[in-house]
Amino acid sequence: MPARAPLATYRLQFNSNFRFRDAISILDYLRELGISHVYSSPVLGSRSGSGHGYDVTDPTKIDLDQGGEEEFAALQSALEERGMGLVLDLVPNHMAASSENRWWMDVLEFGPDSPFASYFDIDWKPPSRTLENKLLLPFLGRPFGEVLNDGELHLDWQDGRFVLRYGEQLFPIAPSSYGQILNSAVNGKSALLESDSPSAQEWRGVLAVAQSIALGNGALAAADRRAKFEGMCDRLHQLLIASPEVYAHVERTLEVLNGKPGTPRSFNELEHILAGQHYRLAFWQTASDAINYRRFFSITDLVGVRVDDPAVFDATHEKAIRIGLSKSCSGFRIDHIDGLREPARYLKRLRERLSSQRPEREDPYLLVEKILEENEWLPEDWPVEGTTGYDYLNFANRLLVDERRAKRLEEIYSKWIGLTVEFEDLLYDKKKLVMRTLLGVEMRALSRVLAELARDDRYARELHPAELAEALIEVTACLPVYRTYVQSIEIPEAARKVIGDAIELARTRRSTLPAEYFNFVSDVLLLAAADYIRPEQREGRLAFVTRWQQFTGSIMAKGMEDTALYIYFPLASLNEVGGDPRLSLADPSAFHDLIARRQKNWPNSMNATTTHDTKRSEDTRARIAVLSEIPEKWEAALRCWSLGNDKFVHKANTAAVPDRNEEYLFYQTLVGVWPLHESEWTTLVPRLQDYLIKATREAKVHTRWTTPNEAHESALRDFVAGVLDRKGNAEFCSKFGQFQRFTALYGMLNGLSQTLLKATCPGVPDCYQGAELWDLRLVDPDNRGTIDFEQRRELAGVLRETYESQNGENIERMLASWQDGLVKMHVLKRALNARTEKPDLLLDGEYLPVEIRGQHKDRVIAFARKNGNEWAISVSPRCVASVQAPVIGADERREFWKQTELILPNGAPVTWANTLAGKAAAISSATGRLSVGAAFEGFPLALLQPA
């Protein structure tokens with residue numbers, strides 16, 4: 001049976017501060033709000049203390065910090081009792097490279113012989129011979145020699161095994177090293193252990209086994225070698241418990257092997273032991289060019305999983321599938337789908353496993369975390385309901401931008417920073433920067449394979465590897481999407497076009513590179529079928545393309561989201577995941593077409609406005625968007641604030657901190673997060689300081705994560721503290737407060753509009769935890785804090801009383817005191833409850849754009865939903881700050897909007913009521929026209945339903 005979409009989801013981030021039992025306590029509140037499904041962060045075993053769950057250590061168990069098996073089962077039961085469901089976040093792409101990950105530790109201990117070696121995406125035969133059958137682990141905080149000589153690496157005995165400790169990190173010791181440790185002469189010989197006592201005899205037996213393991217165990221199979229080692233460890237463990245002499249001897253041996261700080265020679269044998277491991281420890285800043293395992297982006301302690309292998313899929317998904325078969329679970333969100341080698345095959349396998357074991361139920365609801373660029377859509381052969389909603393977010397986000405004044409704001413920005421930036425060129429440069437730095441090891445590995453393919457080609461064998469690598473970098477930098485999906489010799493037309501366009505653009509941008517290099521890259525990426533190409537050559541090229549595709553998404557994400565978007569921001573509200581910061585692209589007329597096409601192909605895709613990964617939360621963006629309507633006021637205010645705060649700018653030589661671009665970002669951010677309540681001031685300064693440090697490190701202009709510029713960052717912190725000192729800088733705070741009152745009011749209206757749109761457009765509305773009230777958070781970790789659900793339950797009670805009174809004046813009072821967020825909860829609840837009351841209408845109903853005529857026709861977005869005889873019309877204002885449309889006051893709203901009309905679709909009902917207005921008079925549309933003034937009289941937005 002087809003998947004049944006949730007009516008509405010609510011994203012919860014589980015961790016030790018918010019456990020499954022905490023979620024149970026808010027389910028009644030969520031259900032009253034109109035939520036049908038909890039949309040959960042990953043719940044499988046992750047690192048201790050993880051705040052997010054994406055660093056999975058054990059996919060076979062429920063995470064203990066979040067509550068463990070018992071609490072999770074209780075949550076499932078509580079959901080079932082209330083008729084609610086669960087959409088669970090799955091992480092198939094990677095796991096934590098951590099001592100808490102037993103599969104990973106087994107690989108470090110046994111190397112390629114480990115039964116889990118095939119689970120991870122590891123190159124056991126890298127170019128460096130010193131790394132053959134070894135893993136390079138760049139986990140040291142300083143160069144290896146310094147760490148070793150300072151005694152920070154030391155051997156220990158734990159749970160029947162020798163281990164290496166480095167701070168809180170733990171690494172296993174290879175079986176072949178036990179003989180070297182136990183037979184070490186550094187501690188001399190113990191007379192007691194030379195005797196004929198049972199302990200001494202057992203000790204010598206253990207030594208003999210350890211020595212035979214070190215010599216290679218002859219022709220024993222891997223399983224037999226392991227059994228022999230495990231038996232030896234058990235014997236040694238028992239011996240250490242039973243014999244004080246053996247225990248003391250081993251303790252003393254380890255003490256001597258661990259060396260003495262300041263005496264380099266004392267570490268020689270330890271260094272020799274470490275050289276015999278299946279891993280090589282290295283300084284994190286200098287060893288990234290030799291990493292031989294696939295990472296998640298550039299995060300070295302998250303290792304890629306080979307989930308395309310059916311055995312690995314089974315092992316990593318057994319628990320998740322059992323959860324998916326439970327009555328409470330409706331489906332899954334698939335994290336980082338673009339990291340997988342074969343996304344379509346993975347999704348088909350997952351759906352098949354779930355559907356085949358639950359034939360009496362609907363198919364599972366599956367979503368993918370996929371960033372779509374402009375005019376890009378999901379591959380049609382993916383068996384999913386849609387995306388996690390960044391595409392919707394950016395459609396709706398652009399509605400809040402005044403396209404008529406966009407060019408002026410871009411001019412102001414260019415004038416302010418003293419530079420005209422072509423964003424396409426900036427993105428191209430930053431993607432190349434990422435490929436030469438953060439993801440340099442991945443590009444070098446790909447380039448080596450490309451060179452091997454060239455050597456096997458009769459016409460390309462003389463091409464130079466360095467120039468081939470440059471051609472590949474150029475083409476990748478010009479790729480306009482996150483990745484393509486070539487999985488066989490038959491290339492999808494969409495992939496053929498974007499790759500072909502990227503190659504042609506690369507030729508233009510790097511015209512000095514000889515054409516034959518681009519020709520060969522083109523032949524490889526487009527799997528050219530020249531008659532001289534052997535089948536095995538084409539297969540080699542296909543393998544290269546599928547590998548290349550696994551990294552292009554990371555390159556785009558790091559170059560775009562984590563670099564370019566922190567450098568170029570005429571209007572920072574547009575600088576969002578999957579977004580485009582170019583104001584000139586704003587086109588509200590495209591919204592209806594985009595939504596209609598999305599409904600046709602992916603009707604149950606998610607409508608998100610905030611996620612755990614957004615750069616700014618929804619209401620922060622809504623406030624900043626107001627600046628697009630008032631560019632002249634914004635420019636004048638900028639000048640005034642900058643002049644008044646010049647005393648806080650740190651000037652050294654010719655450099656100023658913050659520079660003009662950083663200062664521009666600071667004031668925009670302040671517009672977005674200026675507190676609504678006095679209590680929020682206590683955290684404002686540290687929040688903004690932390691945000692600016694993160695933003696400038698991501699920009700990679702003055703400081704970076706890998707090489708922080710402490711002087712620059714310290715000056716930024718001082719600037720924020722000085723500017724926001726309400727006593728010492730009272731004049732600025734007063735002026736900014738006056739300016740911000742205007743942007744906050746219309747930002748509030750923007751926030752209400754995007755809430756109503758999300759809930760009434762085709763798709764599944766998602767509410768990120770806490771965002772049912774005003775959400776003025778920034779990028780993580782600012783947006784991942786604990787939520788005050790007690791406050792929200794109390795406000796829900798106030799809302800209930802307001803509805804029971806059936807007094808329209810109470811709704812108006814709610815508007816007047818909008819700062820408490822109750823009005824936002826009201827819009828969300830009314831809209832979500834309409835979905836509950838008429839699920840077929842708002843899940844499956846037609847989407848009919850409504851024509852607007854009259855004085856303010858460009859300042860309203862409206863559409864109808866129709867299913868049989870059921871109707872609803874959603875009407876939202878947009879870009880009304882520039883004309884100062886009245887927000888509060890029924891008479892004022894009616895008067896302002898009276899010359900603007902909705903032209904209703906054919907067959908629409910005649911009489912309507914605005915369900916957001918409380919008890920309001922019916923609105924007549926006998927002529928097929930409906931006055932926006934009448935619709936907005938009782939509330940500044942309208943969800944119209946037949947009266």
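Reply: In this predicted model, a network of salt bridges links Asp402, Arg404, Arg405, Arg408, Glu411, Lys415, Glu632, Glu635 and Arg639.

Arg510 and Glu474 form a salt bridge through their side chains, with an N to O distance of 3.0 Å. Because Arg510 belongs to the loop between helix 18 (493-509) and helix 19 (515-525), while Glu474 is part of helix 17 (residues 465-478), this pair ties together parts that are 36 residues apart in sequence. Arg510 is partly exposed, at a relative accessible area of 22%, whereas Glu474 is buried, at 0% relative accessibility.

A salt bridge also joins the side chains of Asp619 and Lys824, at 2.7 Å from N to O. Asp619 sits in helix 22 (residues 618-625) and Lys824 in helix 30 (residues 822-837), so the parts tied together here are 205 residues apart in sequence. Asp619 has a relative accessible area of 2% and is buried; Lys824 is likewise buried, with a value of 1%.

The pair Glu790 and Arg793 forms a salt bridge in which the closest N and O atoms are 3.1 Å apart. Both residues lie in helix 28 (residues 789-805), and because they are 3 residues apart, about one helical turn separates them. Glu790 is partly exposed, at 42% relative accessibility, and Arg793 is partly exposed as well, with a relative accessible area of 28%.

How values were computed
Residues are numbered from 1 along each chain as its sequence is written. This is a predicted model: local features need pLDDT of at least 70, side-chain atom pairs count only at pLDDT 80 or more; totals for chains, interfaces and linings use all residues. Side-chain values use heavy atoms; hydrogens and water are left out. A salt bridge is a side-chain nitrogen of Lys or Arg within 4 Å of a carboxyl oxygen of Asp or Glu. Helices (H or I, at least four residues) and strands (E, at least two) are DSSP runs, numbered from the N terminus. Buried means under 20% relative accessible area, exposed over 50%, partly exposed in between (1.4 Å probe, protein chains only).
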